Structure formats: C-alpha cells, structure tokens
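Here are my notes for someone opening this entry for the first time. The points go from the sheet to the helices and then to the core.

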Amino acid sequence: MSNASAPRPGHQNPSILITGGAGFIGVNSARYFAEQGWDIAILDNLSRRGTEDNLNWLREQIDLRFERADIRDPAAVDRILADHQPDLVLHLAAQAAVTTSVTDPREDFEINALGTFNLLEAVRRFSPDSFIITASTNKGVRQDGREGRGRAQRPL
Ligand SMILES: NC(=O)c1ccc[n+]([C@@H]2O[C@H](COP(=O)([O-])OP(=O)(O)OC[C@H]3O[C@@H](n4cnc5c(N)ncnc54)[C@H](O)[C@@H]3O)[C@@H](O)[C@H]2O)c1
C-alpha cells in the first residue's frame with residue numbers, strides 16, 4: 001500500500017487537493033497541511049458567501065494553487081485531477097445547509113451526490129494512486145435510528 005504523506009518520485013513534498021478548500025474546514029485544513037510541509041491546491045467555485053475573503057486570508061499565509069471550478073462539472077474535475085495528481089484528496093466541496101437541502105433538494109443532490117461521484121470517477125481515471133478523505137456530513141445516528149450528536153454509534 002502506498003503512503004499518502006510520502007511525496008511521489010520527482011516531487012519534493014507530498015501534495016493535497018482540497019475540494020471546497022475556501023470553506024470553513026477547507027482553509028483551516030489547508031493551513032494545517034501547509035505547515036506540515038505539504039503542497040496545497042484548492043478546488044472551489046466560491047459559491048459560499050465569504051469564501052473569497054477566506055481565500056484572501058489563506059493566500060496571505062501560505063502558497064497555494066487555486067482552481068476555480070464546480071464539482072458538478074465532470075470535464076473540469078477530470079482536468080484538475082489529471083493535472084494535479086495529488087497524493088491526497090480532501091473532499092469538502094458541499095452544499096452543507098440543511099435548509100437548502102429541503103428547499104432545493106435537486107441542487108443539494110447534484111452537488112453532494114453527483115459532485116462526489118464526479119470526483120471519484122476523476123480519481124479512478126486520472127489519479128488512481130490518490131488517497132481520498134471526505135467529510136460528507138456532520139450528523140450521526142444512534143442504533144435506534146434517531147439523530148444524536150455526540151452519541152453516534154455508527155455513521156449514516
Ligand atoms: N462545519 C462543521 O462543523 C462540519 C462538521 C463535520 C462535517 N462537515 C462537512 O464538511 C464539509 C465542509 O464543511 P464546511 O463547514 O467547511 O462547509 P463550507 O460551506 O464552509 O465549505 C464548503 C465549500 O464548498 C464550496 N462549494 C460548494 N458548492 C460547490 C461546488 N458545486 N463546486 C465547488 N465548490 C463548491 C463552497 O464555496 C465552500 O467553500 C461539508 O460536507 C460538511 O457537511 C462540516
């Protein structure tokens with residue numbers, strides 16, 4: 001098994017592509033990984049309010065490559081994975097608002113489900129050695145099926 005934190009031959013540092021990297025978890029993860037010596041690339045469509053400010057804040061602190069792209073666009077995702085071939089993909093691009101998932105479930109599905117599918121396909125086809133970590137939800141359910149923060153017994 002390969003090691004995600006070991007740089008590939010010809011690369012000095014391990015590399016990470018963070019989808020949704022201009023979001024709340026994304027910018028903090030990017031800074032953390034940069035401090036550990038990783039090369040950082042971010043894919044984000046900057047749809048979430050405040051993400052341009054987040055990105056400017058991050059750019060003041062670390063070097064990064066930024067790809068403005070939509071995870072729903074398979075051609076763009078394919079191109080980015082083929083270009084970067086990162087050691088690790090941290091998948092955070094998401095429609096995370098429960099309210100929006102109720103008022104616009106199609107958009108929620110297209111971003112969260114099809115967007116994730118696009119990413120998995122792009123990795124399978126163009127960067128098969130990449131590790132993938134995803135944070136798809138902040139909810140857990142208990143064994144009795146009820147939602148329960150802090151007492152999750154199994155993932156959704
Ligand atoms: N914040 C938390 O407490 C928490 C806890 C656990 C898990 N999570 C999960 O982690 C993930 C990220 O959470 P967050 O709090 O950083 O959310 P966030 O909304 O701050 O970040 C999401 C990012 O995705 C980008 N994005 C949205 N749609 C996109 C698209 N179609 N293409 C490309 N980029 C797109 C947004 O512009 C934003 O920068 C979500 O799946 C969330 O459910 C969050």
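Which residue in strand 3 is the bridge partner of Asp 44? The partner is Arg 68. The model is predicted, and the points below should be read with that in mind.

1. Five strands form an open sheet with parallel pairing, in the order 3-2-1-4-5. Strand 3 and strand 5 (131-134) are the edge strands, each pairing on one side only. From one strand to the next the twist averages 15°.

2. Pairing around strand 1. Strand 1 (residues 15-19) pairs with strand 2 over 5 bridges, in the parallel sense. Ile 18 has Ile 42 in strand 2 as its bridge partner. Strand 1 also pairs with strand 4 (residues 88-91), again parallel, over 4 bridges; there, the bridge partner of Thr 19 is His 91.

3. Pairing of strand 2 with strand 3. These two strands are parallel and joined over 4 bridges. Ile 42 stands opposite Phe 66 of strand 3, and Asp 44 is the bridge partner of Arg 68.

4. Burial of strand 2. Strand 2 is largely enclosed by the rest of the structure, because 6 of its 6 residues are buried. In a regular strand the side chains alternate between the two faces of the sheet. Here both faces are covered: Asp 39, Ala 41 and Leu 43 are buried on one side, and Ile 40, Ile 42 and Asp 44 on the other.

5. Strand 1, helix 1 and strand 2 make a right-handed β-α-β unit. Strand 2, helix 2 and strand 3 make a right-handed β-α-β unit as well.

6. The buried residues of helix 2 (residues 51-59) are Asn 54, Leu 55 and Leu 58. They lie on the same side of the helix because they cover an arc of only 95° around its axis. Glu 52, Asp 53 and Asn 56, on the other side, are exposed. The buried residues pack against helix 1 (24-35) and strand 3 (65-68).

7. The core. The largest nonpolar core has 29 residues, and those with the most contacts inside it are Ile 16, Ile 18, Ala 30, Ile 40 and Ile 42. Among the elements that give two or more residues to this core are strand 1, strand 2 (39-44), helix 3 (74-84) and helix 5 (105-126). Ile 16 touches residues including Phe 33, Trp 38, Ile 40, Leu 88 and Leu 90.

Notes. Residues are numbered from 1 along each chain as its sequence is written. This is a predicted model: local features need pLDDT of at least 70, side-chain atom pairs count only at pLDDT 80 or more; totals for chains, interfaces and linings use all residues. A residue is buried if 20 or more other C-beta atoms lie within 10 Å of its own, exposed if 12 or fewer, and partly exposed in between; C-beta atoms are placed from the backbone. The arc is that of the directions from the helix axis to the C-beta atoms. Two residues are in contact if their C-beta atoms, placed from the backbone, lie within 7 Å. Two strands pair if DSSP finds at least two bridges between them. Axes are lines fitted to C-alpha atoms, for helices over the stretch in contact, and angles run from 0 to 180 degrees between N-to-C directions. A nonpolar core is a set of buried Ala, Val, Leu, Ile, Met, Phe, Trp, Tyr and Cys residues joined through C-beta atoms within 7 Å. A crossover is right-handed if, with the strands pointing away from the viewer, the path from the first strand over the helix to the second runs clockwise. Lists of a residue's contacts leave out its neighbours within four places in sequence.
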